[in-house]
Amino acid sequence: MDATGLRALTSSSLHLLRLSSKAPPPLPFRRVSSLSLRYVTSSQRCRAHGCGAAVAPPSVSSKKEFLQVVLMSPQIPGNTGSIARTCAASAVKLHLIEPLGFQVDDVKLKRAGLDYWPYVVVKVHSSWPEFREYFKKQEGEKRLLAFTKRGTNIHSEFTYRKGDWLVFGSETSGLPAEALDDCTSEPLGGGTVRIPMIETYVRCLNLSVSVGIALYEACRQLNYEQFHNPSEPCLAETLFLTEDMFA
């Protein structure tokens, strides 16, 4: 091939490369209403996705929650959206404590959660003290577990129990002192937990990665029991939804 042909081939290859490297179009996101969030159950999900015969859901329920995830002042919408998707996949409720670093209608938040928002219960709390009072009013055995790089227990060696609330701090500042105090003192707290890592080059793990590691270790120790009850609702507790995130 002569020099002219080589230049033409190279130019054509670069043009194809530029075309292939263009960003894909944004994913569509279905607007979520409080009604769709409030009454979506696993049986309805099965009907929607063709999973077989639906089972009549029980009444709003006395079923004990296995685990719940709490994010203290999350700052990055993509992280929160990914965490919401993980919570939907594991039938776990998600609490967001203000101030948030984004608006709840942020497009990045929606995109990261894809179309799974109708399958996760989300409650927004105005402050840590307000959340603390809410937590105290919940029935059954429960405890707050703080996940921090200075935690005294390794996440895979810690023994989780039904009713644990896994608490994670902001991407930029971690957990505030008042949250750590509540997580480490009776009667609310169950201690501090850390995910081991090499800190030579990396300051911390991504928040959504940390939640995934911690949550699935806790689920594993509980034998994924909440995964084995398809007749029970994922999201049927109407008392949990005081706000429509995308109204």
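This note sets out numbered points on packing and side-chain contacts in the structure above.

1. Basis. The model is predicted: local features need pLDDT of at least 70 and side-chain atom pairs count only at pLDDT 80 or more, whereas totals for chains, interfaces and linings use all residues. Residues are numbered from 1 along each chain as its sequence is written, and side-chain values use heavy atoms, with hydrogens and water left out.

2. L94. Residues up to four places away in sequence aside, the contacts of L94 (heavy atoms within 4.5 Å) include V69, L71, I83 and V122.

3. Aromatic pairs. There are eight aromatic pairs in the structure, defined by rings of Phe, Tyr and Trp (its six-membered ring) with centres within 6.5 Å; planes under 30 degrees apart count as stacked, over 60 as edge-to-face and the rest as tilted. F147 and F168 form a stacked pair, 4.8 Å centre to centre with 15° between the planes. F147 lies in strand β4 (residues 143–147) and F168 in strand β6 (residues 164–168), so the pair ties together parts that are 21 residues apart in sequence. F147 is buried at 9% relative accessibility, as is F168 at 3%; buried means under 20% relative accessible area, exposed over 50%, partly exposed in between (1.4 Å probe, protein chains only).

4. Helix α7. A179, D182 and C183 are buried in α7 (residues 177–184). Viewed down the helix axis, the buried residues of α7 fall within an arc of 100°, so they line one face; the arc is taken from the directions from the helix axis to the C-beta atoms. These buried residues pack against α6 (128–137), β4, β6 and β7 (189–194).

5. S73. This residue is found in the loop between β1 (67–72) and α4 (77–89), and S73 counts as buried at 11% relative accessibility. A polar atom of the S73 side chain lies 2.5 Å from the backbone oxygen of P99. Beyond neighbours within four places in sequence, S73 is in contact with I97, P99, S170 and E171.

Technical notes. Helix = DSSP H or I, 4+ residues; strand = E, 2+ residues; numbered from the N terminus. Polar contact = N/O pair within 3.5 Å; in protein donor to acceptor, adjacent residues only side chain to side chain.
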